[in-house]
Amino acid sequence: MARRFGGIEAGGTKFVCAVGTGPDDIGANMVRFDTTTPEETVGEAIDFFQSYPDLAAIGIGSFGPVDLKRGRITTTPKTAWQDFDFVAAIRRGCGGPDMPVAFDTDVNAAALAEGRWGAAQGLDTFIYLTVGTGIGGGGMVNGGPMHGLVHPEMGHLRIPRRPDDQYLGRCPYHRDCLEGLAAGPAIRERWGRPAEDLPPSHPAWGLEAHYLGLGIANLILSISPQRVVLGGGVMEQEWLYAQVRAKVREVLNDYVAHEAIRDPEQIDGYIVPPGMADPGVVGAIALAEEAAGRAGR
């Protein structure tokens with residue numbers, strides 16, 4: 001029997017759990033449920049995986065910030081989850097201390113999936129940025145995941161507030177960082193309606209493209225990605241991509257001497273939507289596969 005792997009996309013709003021080997025075989029083996037408390041939410045994940053006693057490993061792509069070495073969530077605004085020992089809890093419920101469990105950020109997991117199966121195939125340096133309940137980013141540099149002192153926090157880039165924007169921002173740590181100004185809850189709070197209820201002509205979208213364009217331009221200048229994969233619930237307004245691309249070109253002002261950005265037609269293939277549904281949980285399965293290989297399983 002072929003090896004199967006478990007994956008958890010632990011989002012701040014929803015958990016997605018799946019079993020399989022990649023994007024082609026997880027459809028019938030996937031569940032979603034709300035993120036509430038660690039006891040309740042992780043308990044639901046454990047209940048799901050206990051139906052698959054043959055798992056070779058489990059991968060977790062988690063909201064953060066996280067301590068990658070200890071397998072914990074750290075200074076999240078979700079107080080019930082602060083300093084939660086995620087890896088230990090999964091091991092206790094799913095096979096014990098010998099179960100290989102891989103742990104990374106949800107956005108690094110999604111980037112891994114996009115690089116292996118999705119919109120960044122064939123590239124070794126790229127960014128995955130998601131704009132939804134929060135803003136997060138991860139990716140690969142020279143073929144390896146972005147890790148360092150901790151992990152990237154692209155959603156908390158400090159960007160200037162547009163002079164005509166009186167909204168102070170909603171990030172509990174920084175107020176007006178990229179996430180504080182441009183994530184889904186900021187859109188709702190600023191305009192009194194969720195993003196999906198705002199028509200394309202609404203001024204919210206010019207402001208959203210402004211902030212996302214600034215953030216992405218900073219990432220292009222600092223990381224020099226070969227592609228930017230831009231996903232998340234806010235980006236389900238597909239016409240927003242054109243505005244973001246235009247703003248990136250405006251901010252960079254032809255300084256980055258590459259036609260992928262300079263050419264208004266080629267940039268359509270440089271800042272792109274994800275290449276698959278559910279890249280976070282698919283990437284968690286890829287993390288699990290790597291962990292099983294290291295453990296010789």
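**Close-up 1. N253 sits in the loop between α7 (240-252) and α8 (259-262).** This is a predicted model, in which local features need pLDDT of at least 70, side-chain atom pairs count only at pLDDT 80 or more, and totals for chains, interfaces and linings use all residues. Residues are numbered from 1 along each chain as its sequence is written, and side-chain values use heavy atoms, with hydrogens and water left out. Helices (H or I, at least four residues) and strands (E, at least two) are DSSP runs, numbered from the N terminus. Phi of N253 is positive, near 55 degrees, in a residue other than glycine. Most residues other than glycine have a negative phi. N253 is exposed, at a relative accessible area of 62%. Exposed means over 50% relative accessible area, buried under 20%, and partly exposed in between (1.4 Å probe, protein chains only).

**Close-up 2. N142 lies in the loop between β9 (135-141) and β10 (144-145).** N142 is not glycine, yet its phi is positive, near 50 degrees. The residue is exposed, with a relative accessible area of 65%.

**Close-up 3. A cis peptide bond links G64 to P65.** Its omega is about 5 degrees. Most peptide bonds are trans. P65 belongs to the loop between β4 (57-62) and β5 (66-67).

**Close-up 4. Strand β7 pairs with β4 in the parallel sense.** Five bridges hold this pairing; two strands count as paired if DSSP finds at least two bridges between them. G59 has A102 of β7 as its bridge partner. Five of the five residues of β7 are buried, so the strand is largely enclosed by the rest of the structure.

**Close-up 5. The second largest pocket has about 270 Å³ of space.** Its lining includes two or more residues from each of β7 (101-105), α3 (106-117) and α9 (279-295). The largest share, four residues, comes from β7. In total, 17 residues line the pocket, and F103, D104, H147, L287 and R294 lie nearest its centre. By class, nine are nonpolar, three polar and five charged. Here Ala, Val, Leu, Ile, Met, Phe, Trp, Tyr, Cys and Pro count as nonpolar, Asp, Glu, Lys and Arg as charged, and the others, Gly among them, as polar. A pocket is an open set of points on a 1 Å grid over the protein atoms alone, where a 1.4 Å probe fits, with protein on both sides within 12 Å along at least five of seven lines; lining residues have an atom within 4 Å of a point. The volume is the space filled by probe spheres set on the points, which are joined across faces, edges and corners.

**Close-up 6. Helix α5 (residues 184-191) buries G184, A186, I187 and R190.** Seen down the helix axis, these buried residues fall within an arc of 160 degrees, so they line one face of α5. The arc is that of the directions from the axis to the C-beta atoms. The buried residues pack against α4 (178-182) and α6 (203-223). G192 follows α5, with a positive phi near 80 degrees.

**Close-up 7. H210 lies in helix α6.** H210 is buried, with a relative accessible area of 14%. Leaving aside neighbours within four places in sequence, H210 is in contact (heavy atoms within 4.5 Å) with R162 and K247.

**Close-up 8. Five strands form an open sheet in the order β10-β9-β8-β11-β12.** Pairing is mixed. The edge strands, β10 and β12 (271-272), each pair on one side only. Strand β11 (residues 228-231) runs parallel to β12, joined by two bridges. V229 has V272 of β12 as its bridge partner.
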